[in-house]
Structure formats: structure tokens, C-alpha cells
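Here is a friendly briefing to read alongside the model. Please keep the viewer open as you go through the topics.

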Amino acid sequence: MVMKSSEAALATTPDATGFGRFFLPGPTEVRPEVLSAQMRAMIGHRGADIKALMEKLQVGLKDVFRTERLVFLSSSSATGLMEAAARNGVRRKALSLVNGAFSQRFAQIVEACSLESERYEVPWGEVHDPQVVRDRLGKGGIDAITVVHSETSTGALNPIEEISRVAHEFDDVVILVDSVTGVAGAELWSDRWQLDFVLTGSQKALALPPGLAFAVASERMMARSRAARNKGIYFDLLQFQKSQEQMQTPNTPALSVMYALDVQLERITAETLEGRWERHRAMREATVKWVEEMRADKGVGLSVLAPKGFRSPTVTAVRMPERSSSVPVVAALKKAGIVIGGGYGKLKELTFRIGHMGDHTVAELEAVLDALEEVLTA
């Protein structure tokens with residue numbers, strides 16, 4: 001890749017208005033037409049107008065989640081639906097698969113709901129072995145699995161389909177999946193993979209403003225919810241189901257973000273979900289190739305944190321050379337007008353993260369990589 005100045009790199013960005021400079025791993029950049037949809041007038045949330053909107057949204061959301069079931073819409077962050085997963089889905093003890101900050105947080109949420117969490121931890125950046133999961137479930141005492149599909153802190157992509165298959169070998173184990181940086185960017189099939197509960201947030205690969213979260217629950221999960229006690233009101237899945245069967249919401253919805261969702265789902269339909277998956281894979285491959293070229297051609301000892309074959313198509317965590325900090329790199333890029341993510345948690349100074357998700361293109365990403373190259377070789 002030819003070295004360019006930061007200004008020249010930005011000039012290659014197709015959208016001269018500025019879109020294409022914000023590559024944080026969430027919230028992600030939002031197209032102007034999607035943002036402006038939030039200016040629509042308010043409507044009542046207990047009438048025919050909201051019903052018509054909800055019916056339309058369900059069509060697009062079912063395609064995004066690849067499900068025939070209702071997609072629950074929550075006016076909360078994805079954290080809210082992680083708590084819903086715990087309160088409705090864990091009877092007593094969960095096996096929490098931990099390989100980064102957000103899978104660790106899922107375990108902490110289970111524990112904060114006064115439930116037990118046994119952790120199967122692997123080094124940050126690695127993924128979980130379905131056979132190890134099978135061996136542990138075979139010993140008994142576990143009634144749920146919590147797992148992150150795309151670990152935002154490390155860029156690792158867990159083999160969710162295989163882990164779900166293992167969970168379904170056991171009649172009394174449900175699988176609860178955080179796909180916050182997965183859905184709409186990484187391939188995911190809620191029904192085909194038999195995911196008992198899978199959730200995401202609006203501000204990641206869906207490329208919407210923050211404020212909404214979405215989930216699909218299997219009948220096994222709904223049976224758990226019917227039997228659950230002390231699950232509260234706001235995140236009671238039975239209330240979500242009851243309301244949304246009537247194309248209503250259980251409480252006051254974030255209507256303006258729903259308007260943005262309406263426009264964005266039309267854009268996703270036009271691109272096709274398969275096309276969106278392929279675009280994200282292409283951005284991942286472009287990032288990996290750049291890392292390899294920086295090491296081989298420029299002598300900058302970068303490496304991709306996640307192992308080959310298990311790398312998220314939406315976010316890449318890049319490990320810095322030994323005795324080098326990512327903090328000044330992220331700061332220098334911001335000064336040049338581009339935002340990427342720093343390392344997260346204990347990886348803060350060891351890595352930087354590129355959120356190549358949402359509506360970004362390979363061309364926009366390459367401009368960011370060129371600017372990064374200039375910073376790293378200065």
C-alpha cells in the first residue's frame with residue numbers, strides 16, 4: 001500500500017462530506033439520511049400508526065436475524081437485554097464463556113442478578129472449544145450458557161453454531177448469545193443455529209444511533225421465562241411477547257430511533273443481508289492484509305490479535321510491536337481527523353481496534369489504513 005499523508009488519504013474517501021472518518025467499534029457512523037429520519041413527527045405509541053410501523057419493522061428485523069419468530073424491540077442498550085437473558089434464561093447456574101471484556105461482563109451480569117456463573121476462560125483474543133463446553137456440560141449442574149459471538153474487545157469470533165449444537169445435546173441447557181457486534185455484519189442464523197436467545201444493539205453493525213436493542217427468543221427460552229421468578233418487569237420476556245404479538249411495545253418506545261431503523265432496514269434490504277456480510281468480510285480481509293504488509297514490507301511488527309479462521313468481520317484488534325503503546329497512535333490519528341478505537345481493558349496500551357462495521361466500505365477503510373501507516377512509520 002502506497003504511503004500517503006493523512007490529508008491525501010482522507011481525500012480518497014468517497015464521501016467528501018466527511019462520512020468515512022469514524023471507525024470506532026461502536027457507536028458506529030450513521031448515514032445522514034438515516035440520522036435525518038429521526039426528525040419525523042411524533043405519533044402515539046398505542047394506536048394504529050405505531051402498529052403499522054411495528055409491522056413494517058418486523059419484516060426487516062426478521063430478515064436481519066434470519067428468524068421466523070418475533071424480534072423483540074427494547075428501548076434500552078444491549079446491556080438491558082443481557083440482563084433479560086440472565087433473569088429469564090438462567091435458572092440457577094450458567095457456564096459463562098469468557099474471552100474478553102464483554103464476555104466477562106456477561107458473566108458479571110449473571111452474578112449481579114443473584115445467579116451463579118461458572119467461567120470457562122481462555123486468553124483474551126482466543127475462542128472457545130466446543131468440546132471443552134461439551135465435557136463441562138456432561139458433568140451436570142449447568143442450565144445455561146452465556147457467550148459472546150463477536151468479542152468487541154479483541155475481534156475474536158466464537159464458533160457459535162458449533163457451541164449451540166453442543167448446548168442442544170443437553171435438554172436442560174439454553175444458549176444465550178451476545179451478538180452486539182455480530183448481527184447485520186457477521187453471518188448469523190437465529191433459527192437454523194437454534195439460538196435460544198440472541199441479542200444486539202442498534203449502534204453497532206446496524207449503523208443506527210444508540211437507543212434500541214433487539215433480541216430473538218426460542219420457545220425453550222420463553223418456557224424458561226414463564227417459570228422464572230424475580231425477573232422484574234422491564235425485561236420480562238413474556239411482556240415483550242404479549243405486546244409485540246399486538247404490534248405494540250411493553251413500554252414507551254424510543255420512537256425517533258425507530259424511524260431511523262425504518263430507513264436503515266430499507267437500505268439493508270436493498271443491499272441484501274448476504275451482500276452486507278460479504279462487504280464486512282472484505283473489510284476484515286483488507287485489514288488483515290494491511291497488517292501483514294506493515295510487518296513484511298514496512299518493518300512494523302503489528303499482528304492481528306484473534307487467530308486465523310476466528311476473526312470478526314466487524315472489528316479487528318491489532319497488537320502493537322513489543323514495548324510500543326497504542327495510545328499515541330490513536331491520538332495522532334484523531335488529530336488527523338480519523339477516529340478508531342484504543343485497546344480495551346487490560347489490552348488498552350497493547351492494541352488498537354478498527355471498527356470496520358455498519359455502512360463503511362473497503363475504499364473508506366483503505367483511506368484510514370493509509371493514514372494509520374503514515375502515523376506508524378513517521
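In which sense do β2 and strand β10 pair, and over how many bridges? They pair in the antiparallel sense, over three bridges. This is a predicted model, in which local features need pLDDT of at least 70 and side-chain atom pairs count only at pLDDT 80 or more, while totals for chains, interfaces and linings use all residues. Residues are numbered from 1 along each chain as its sequence is written, and side-chain values use heavy atoms, with hydrogens and water left out.

**The seven-stranded sheet**

- β2 and β10 belong to an open sheet of seven strands in the order β2-β10-β9-β8-β5-β3-β4, with mixed pairing; strands pair if DSSP finds at least two bridges between them.
- The edges are taken by β2 (72-74) and β4 (116-121), each with a single partner strand, so one side of each has no neighbour in the sheet.
- From one strand to the next, the twist averages 20 degrees.
- Within the pairing of β2 with β10 (residues 213-217), F72 stands opposite A215 in β10.
- Strand and helix names follow DSSP runs numbered from the N terminus (strands are E, at least two residues; helices are H or I, at least four).

**The five-stranded sheet**

- Another open sheet, also of mixed pairing, has five strands in the order β1-β13-β14-β12-β11.
- Its edge strands are β1 (22-23) and β11 (303-304), each of which pairs on one side only.
- Strands β12 (residues 316-319) and β14 (residues 351-354) run antiparallel and are joined by four bridges.
- Opposite V318 stands F352 in β14.

**Helix packing**

- Two packed helices are described by the angle between their axes and the distance between the axes.
- Axes here are lines fitted to C-alpha atoms, for helices over the stretch in contact, and angles run from 0 to 180 degrees between N-to-C directions.
- Helix α3 (residues 48-65) and helix α10 (residues 255-271) have axes that come within 10 Å and cross at roughly 45 degrees.
- That angle makes α3 oblique to α10 (under 35 degrees is roughly parallel, over 145 roughly antiparallel, 65 to 115 roughly perpendicular, and the rest oblique).
- The α3 and α10 crossing is left-handed (the near helix is turned anticlockwise from the far one by less than a right angle; clockwise is right-handed).
- Helix α11 (residues 273-297) packs against helix α13 (residues 362-377) at an angle of about 20 degrees, with the axes 10 Å apart.
- This makes α11 roughly parallel to α13, and the crossing is right-handed.

**Aromatic rings and charges**

- There are four aromatic pairs, counting rings of Phe, Tyr and Trp (its six-membered ring) with centres within 6.5 Å; planes under 30 degrees apart are stacked, over 60 edge-to-face and the rest tilted.
- Y234 and F235 form an edge-to-face pair, because their ring centres are 4.8 Å apart and their planes stand at 80 degrees.
- Y234 is partly exposed at 36% relative accessible area, whereas F235 is buried at 14% (buried is under 20%, exposed over 50%, partly exposed in between, with a 1.4 Å probe and protein chains only).
- Over the ring of W189 sits the charged end of R66, 4.9 Å from the centre, and R192 lies over the face of W189 at 3.7 Å.
- For such a contact, NZ of Lys or CZ of Arg must be within 6 Å of the ring centre and within 35 degrees of the ring normal.

**R21 and G337**

- R21 lies in the loop between α1 (6-11) and β1 and is partly exposed, with 34% relative accessibility.
- Although 316 residues separate R21 and G337 in sequence, their C-alpha atoms are 6.7 Å apart in space.
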